[in-house]
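The report takes each topic in turn.

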Amino acid sequence: MRHRQRLASALVISLLLTLASAAQAQAPVKLGLIDIYSGGFAFIADSIRTGFQIAVDEANAAGGVGGRQFTLVTADMGGSVEKAVTEARRMILEERIKYVTVGIHSGAAVALGDLAKQHKVLAIGGFATTKRLTGEAGHNYVGRANLSTVEIGRVMAEYLKDKAEIKRMAVIAPDYEYGQHFAADFLAHLKTVRPDIVVVRQEWPKLGTSDFTPHVTALQASPVDMVVAGIFGAALVNFLKSARAFGLFGPKTRFFVHGLDLVKMGVLKDVLPPGTIGTVWYPFYAISSPKSREFEKEVTRRMGTYPVGGTPVGYVAGRMLTEAIKKAGTPDDVDKVIAAMAGLEFEGPTGRTKVRGCDNMALYNFYVGVVKRDPSLPDGVGVTDVKGYHTESLARSCEEIRRVRGS
């Protein structure tokens with residue numbers, strides 16, 4: 001009798017374990033995405049999320065991984081690093097999510113990286129530009145889908161390499177980590193490729209500055225051939241309004257700005273000086289590949305408007321995770337997924353995208369062009385004379401990454 005009871009108990013336990021295993025096999029693979037979904041950055045966050053979701057949907061349409069589908073779980077950090085860490089901890093500990101991405105906030109991305117190392121999960125910087133994420137503060141449990149200020153600065157300096165008419169320059173960038181790194185990395189590479197250019201002034205507006213009059217007048221006091229800017233969004237609009245009021249830009253002074261398509265370019269249409277040069281992530285109207293046309297169409301269908309810079313970067317973040325998990329054959333072994341991520345290559349909206357193993361960084365084309373107003377372009381404005389740079393040739397080398405990490 002006791003033998004039969006023990007046998008029955010063993011069969012029940014075995015059945016429960018089998019059912020639990022089957023349920024686990026069918027459970028969705030959760031991918032976390034934390035960003036600023038409220039306030040002034042909401043549109044950028046939505047554009048990143050849209051790109052990420054497209055990558056997830058593509059992976060699911062191809063069968064997911066091991067019969068399991070991917071699902072995207074989002075959380076609003078509201079601009080607070082502390083809230084981002086709280087949401088990330090909840091995702092990791094309560095929802096058992098092993099892959100968490102932070103969107104636009106660099107400080108939150110670095111903080112998530114610290115948490116990822118502690119819990120042995122993978123943290124991805126979805127749009128963060130701080131080089132510390134995968135460099136100075138980097139480790140095996142972080143990666144990045146966006147460029148850092150190193151690649152951005154080097155692309156801008158490379159563009160100026162053969163612009164012999166530029167002899168005197170001023171730089172304006174916001175006075176916090178992103179702006180300081182942007183200016184330093186741009187000027188470091190400029191010194192290499194154009195040591196003859198003299199930087200006569202640097203301006204550092206505080207975060208949240210709305211009145212740029214003091215900065216514009218200071219720039220005007222030191223005549224230059226070009227002003228290079230790392231400001232964006234509402235700050236860029238306010239700066240350009242002040243610049244127009246004081247006549248800062250004209251035939252003798254060009255404007256070169258990073259991140260024109262961080263927002264819809266129509267927002268900037270009426271304030272951009274003629275001949276403005278700018279970096280853009282995704283000049284989709286100048287890219288004729290089938291993948292780009294398909295992506296543009298899908299983004300427009302989902303968002304009701306054309307893609308901006310964050311959309312393809314969000315796609316890259318989602319794609320590098322889903323592709324690595326599929327290659328590893330399981331989402332449950334994070335170390336195996338990280339190993340599978342090294343050397344990944346896939347076709348993105350901007351062409352060939354490669355993920356290198358030394359810092360889990362996605363490398364792809366980044367663009368510079370001259371602003372053009374044309375009714376045939378979305379909102380009547382875009383960039384022309386587009387020049388692409390594949391960032392694999394401009395990123396910090398793996399040897400340098402190991403050096404700055406102290407290993």
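What follows describes a pocket, the cavities and a disulfide.

## Basis

This is a predicted model, in which local features need pLDDT of at least 70 and side-chain atom pairs count only at pLDDT 80 or more, while totals for chains, interfaces and linings use all residues. Residues are numbered from 1 along each chain as its sequence is written, and side-chain values use heavy atoms, with hydrogens and water left out.

## The largest pocket

A pocket is an open set of points on a 1 Å grid over the protein atoms alone, with protein on both sides within 12 Å along at least five of seven lines; lining residues have an atom within 4 Å of a point. The largest pocket holds about 940 Å³, a volume being the space filled by probe spheres set on points that are joined across faces, edges and corners.

Its lining consists of 38 residues, and F41, I104, Y176, L207 and F232 lie nearest the centre. Helix 2 (42-61), helix 4 (106-119), helix 6 (177-193) and helix 8 (233-246) each supply at least two lining residues. Helix 8 gives the most, with five residues. Helices (H or I, at least four residues) and strands (E, at least two) are DSSP runs numbered from the N terminus. By class, the lining of this pocket has 22 nonpolar, 13 polar and three charged residues. Here Ala, Val, Leu, Ile, Met, Phe, Trp, Tyr, Cys and Pro count as nonpolar, Asp, Glu, Lys and Arg as charged, and the others, Gly among them, as polar.

## The cavities

A cavity is a set of grid points where a 1.4 Å probe fits but cannot get out. There are three cavities of 30 Å³ or more. The largest cavity has a volume of about 80 Å³, and residues including D261, M265, Y282 and F284 line it. Its lining has eleven nonpolar, no polar and one charged residues.

The second largest cavity has about 60 Å³. Among its lining residues are W281, P312, T350 and Y364. Helix 10 (residues 310-328) provides the largest share of this lining, three residues.

## The disulfide

The whole structure has one disulfide (a pair of cysteine sulfur atoms within 2.5 Å). C358 and C398 form it, with sulfur atoms 2.2 Å apart. C358 lies in the loop between strand 12 (351-356) and strand 13 (361-363) and C398 in helix 12 (residues 398-404), so the pair ties together parts that are 40 residues apart in sequence. The torsion about the S-S bond is about -75°, so the disulfide is left-handed.
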